[in-house]
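Look at the sequence and the structure side by side. Begin with a single chain, then turn to the places where chains meet.

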Amino acid sequence: MKSNKRIFATLPAGILVGLGLMASGAVYAGGSHGGGHGNKGQAFGEPGAASDVVKTIPIELGDNFFSPEKLSFEQGQTVRFTVVNKGEFVHEFNIGTQLMHADHQKEMAMMMEHGAIEVDRINHDKMKMDMGNGHMMSHDDPNSILLEPGQSGEVIWKFAASGELEFACNLPGHYESGMVGEISID
Amino acid sequence: MELRNWIAGGFAMSAAMMPFSALSEELYYGVQLEEFEYRAGEHGEQLFVWDADSFIGSDEVKLRWKSSGEVEIEENNLEALSNQLSLQVPVSDFWDVKAGVQLDSPDGPDRWYGVVGVSGLAPQWIEMDLDFLVSEKGKASAVLDMEYELLITNYLILTPSIEVQGAFSGDPEIGVGSGINSTELGLRLSYDLVDRMVSPYVGVAYERSYGETADLAKDEGEETSSWQFVIGAKFIF
Amino acid sequence: MKKKLIILGMSQSRRLIAAIGIGIGLLSASMVTAGEYNLTVDKVRISTGEFEKTGIGYNGSSPGPVLRFQEGEEVVINVTNNLDETTSIHWHGLILPYEMDGVPEISYPGIKSGETFTYRFPIQQSGTYWFHSHSGFQEPDGAYGAIIIEPKGREPFRYDREYVVQLTDAHPHSGARIMRNLKMMPDYYNRKQQTLMDFFSDAEKNGFSETASDRMAWGSMRMMPADVEDVQGFTGLINGKGPDQNWTGLFKAGERVRLRFINSSAMTYFDMRIPGLKMTVVAADGLNVQPVTVDEFRIGVAETYDVIVRPKEDKAYTIFGASMGRSGYVRATLAPDEGMTADVPKLKGKPLLTMADMGMSHEGMDHGNMPSMSGEGHKPEGHSVEKPMQNGKMMDHSKIGSDMDHGRMMKMNKSAADPFYAPGSGLMPQASNGGKFLSYKDLKAQKPLYPYREATREIELRLTGNMERYIWSINGVKYEDAEPIRLKYGERVRFKFVNETMMTHPMHLHGMWSILDTGSGKWNPVKHTISVAPGTTVYSETEVDAEGQWAFHCHLSYHADSGMFRKIVVEGGPDNAANITPVKGERSWN
């Protein structure tokens, strides 16, 4: 799976998600940034198929907040999130557990430190760089989308299990200052 | 008498030269009673001694008043009294020069002096005052005062001090010979009790006179050297 | 004109700004708002838990009320002077007409005893600010309060409740007395000096001869490495409460709490932390910054920082700030219930200045390390810092200095050194828990106020002083003897602060913003107070966009009063802007 992703690393984020969806049909047990955290989270869902979408939710990314900030779905529903970045900074829309977000924040911090992501742009060349731990700075998981200012894209997700999830932007400081929303799955 | 007028004139002149800006600025003042103590000497003498140093002024010029004196307690006799009034201006980061007048009394006839001197902080934190004096009789002399504060803690302070008096020409009327004529060494251990306002201390002082001055003292039946135990307090306002 | 209630004490409102912020924004934009406020300047009793004294306050208390303004409104503030001396109020960090800036002799004559002065100005910004007297030593004597300005639009962050956390260093002595004592004896209040006991313990560690030559090196300069805090003996207050009085802010577990830190101290920097909580810094000096999460931050005198914390547990947390010189601290509590407390950390260590802080270390001014040199578009030739000591003899000791520095550098290499301190500085901040300590380098504007362009000229301001005489100055000249600094409306001036003293100076420009050069280009943070550490050179740029005359000074009260102060005169105005071509005009001004 890791080798598949390298191909997509330089493609615009919007397209990435679509390709990512096709490439992986596995149940997601956690954000799998190259390494995966399969042993940490619970199985909360999987990439959804466009044909199964029962709800379309528009998500607006601002500096530094989401609108809306609270969502709820039913177990088994497949939801299309149409995400648009109306801010002036790069933002992420990432579905996961609190724990997954905490891990992902470290990766995002590293990407910014290495210049792969700047405040207001994504450096696609640097995305190909090795992070020094055998992982690349790709950002192409189907449970998330990374958008430059003005960009838009979509995430289609099937919520498998009931519970509390968060959608978050894990760019440094964004989550902590409130760029995080709640998803409850009944 | 002429010289005395000249001294007074010089003092007035320097006062007139105070920069105008200094007058418009905030004035600060300070009063330090550096020694305020009882002394018991090895020859049975008991003295009350003070040494005060006050100023009022600005960064540019200060009016400074130094006063010191010694009272023989048993005889209730003012043995020495010295008052110096000077204007002091900075000349470098750590040094001031001063000019003024000094009146010494009694122990013989009063003496007026014209004073010029330097005052400041020498390297290694040694506080220094060096005065050159010319008396109304035309006799020149000098006094060097040095002091160092050794902080044992930030409140317990050991202060060694030294004062050296010398004369370029003797003035036998007031018991002063030429050359180095006296030294006083002090060592005081103080504790800052209330801020730096009240600092009681104990210590020792050693006074000694030399040469012609010592001879003159002997003629008067006085001792030429004496160890003294001191107890007192430093006051700063 | 409607009367507004002045909120006394700390606001405990639980408005969900995030959720309804936009609504409020629309509401306030559509209303013609004008708030009228009344302030009286009074003699008040100040009780710190350690001492009581008569001081000065507003509306009967010190600190004064929290003034809550709305961005876009026009405020009218009637200030009645009940003192028997002239007073004034300066609105620290607010952009306003210079006649309203409240500096006697520069903005206006001041407010005489018994008089009422009416301030009237539009509120053009939002965030956390403060106000204080600009007369004599009224501010150290207690004349200060907080200002909160609600933004028109929504904040770029979320919080469920907010508190002002206003710090001060209340002193049992009056300001005038402190000034007089410092003039009489500059180390009057320094009880952190190196002692014989320190000598023995250092000699045991480093050997007798090294310790002796270290002492001799400092002694020959007649400088004290322990000269970090001029005025010790204070009690640190938070919102007017001493450590034992323990100001407490309530929260519910899981809530986001916005803390608006304001350092209203006369002289004291504090290293703020909340053991057990990460703090996300979202604003500095009132203006939003890109959020950065830290364990600890140093707040200079007159600065403000807004942080968001999210206590997730139902327990008390201590807000703790050790003073930079570790001679005192502030303490308060965040708790789910009144009366709950958490451990109060002990004051640890005694920072000592190094030869690097004197600008004398070998690695001293390594240009590569200077924040200003890593940025874009700076003068390539750079400038080296002039050695504060001209005396060749003193340079002989630089070896001792650098040897000393190595030891410190070793320790510091563990955490990244802050480029806003001299390499090897004894003041280099380190988080108590080994985590992240905020640096100026981390501050990036959330929304840059000005387009990025080259400065049109540079003005060098050497921060100078004579510690022994307690005279502080700029370029060696104190305020009384100095000509005003003349700026032209429309220019972008680059101030080069060269700190040649051994103290840290928070430089505050009135009326116009200071864009601190952190090397982040267009994201350079915009501040009203720039702290300049010893032995460093710091640059800030100002778009000269306010006519009139303004104050510019070190915000340490006794440094400002003893001469580290300038009047700024802005020549021209909006109708008569200087037609100045930027020095290297690659970027346009639009």
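This is a predicted model: local features need pLDDT of at least 70, side-chain atom pairs count only at pLDDT 80 or more; totals for chains, interfaces and linings use all residues.

Chain A holds three helices and 10 strands. To follow chain A, start at the N terminus: the order of the elements is α-α-β-β-β-β-β-β-α-β-β-β-β.

How much of chain A is buried? Of its 186 residues, 45% are buried. Contacts along the sequence can be sorted by separation. Among the contacts in chain A with a separation of 6 or more, 74% are between residues 24 or more positions apart.

Next come the contacts between chains. How many residues of chain A are in contact with chain C? There are 10 on the side of chain A, and they meet 16 residues of chain C. The side of chain A that touches chain C consists of three nonpolar, five polar and two charged residues.

Chain B also touches chain C, and this contact takes 19 residues from each of the two chains. Two elements of chain B, strand 1 (28–41) and strand 9 (150–151), each supply at least two residues of the side that touches chain C. Which element of chain B gives the most to this side? Strand 1 does, with three residues. Sorted by class, the side of chain B that touches chain C has 10 nonpolar, five polar and four charged residues.

Key: Residues are numbered from 1 along each chain as its sequence is written. Chains are lettered from A and ligands numbered from 1 in the order in which they are written. Two residues are in contact if their C-beta atoms, placed from the backbone, lie within 7 Å. Helices (H or I, at least four residues) and strands (E, at least two) are DSSP runs, numbered from the N terminus. Ala, Val, Leu, Ile, Met, Phe, Trp, Tyr, Cys and Pro count as nonpolar, Asp, Glu, Lys and Arg as charged, and the others, Gly among them, as polar. A residue is buried if 20 or more other C-beta atoms lie within 10 Å of its own, exposed if 12 or fewer, and partly exposed in between; C-beta atoms are placed from the backbone.
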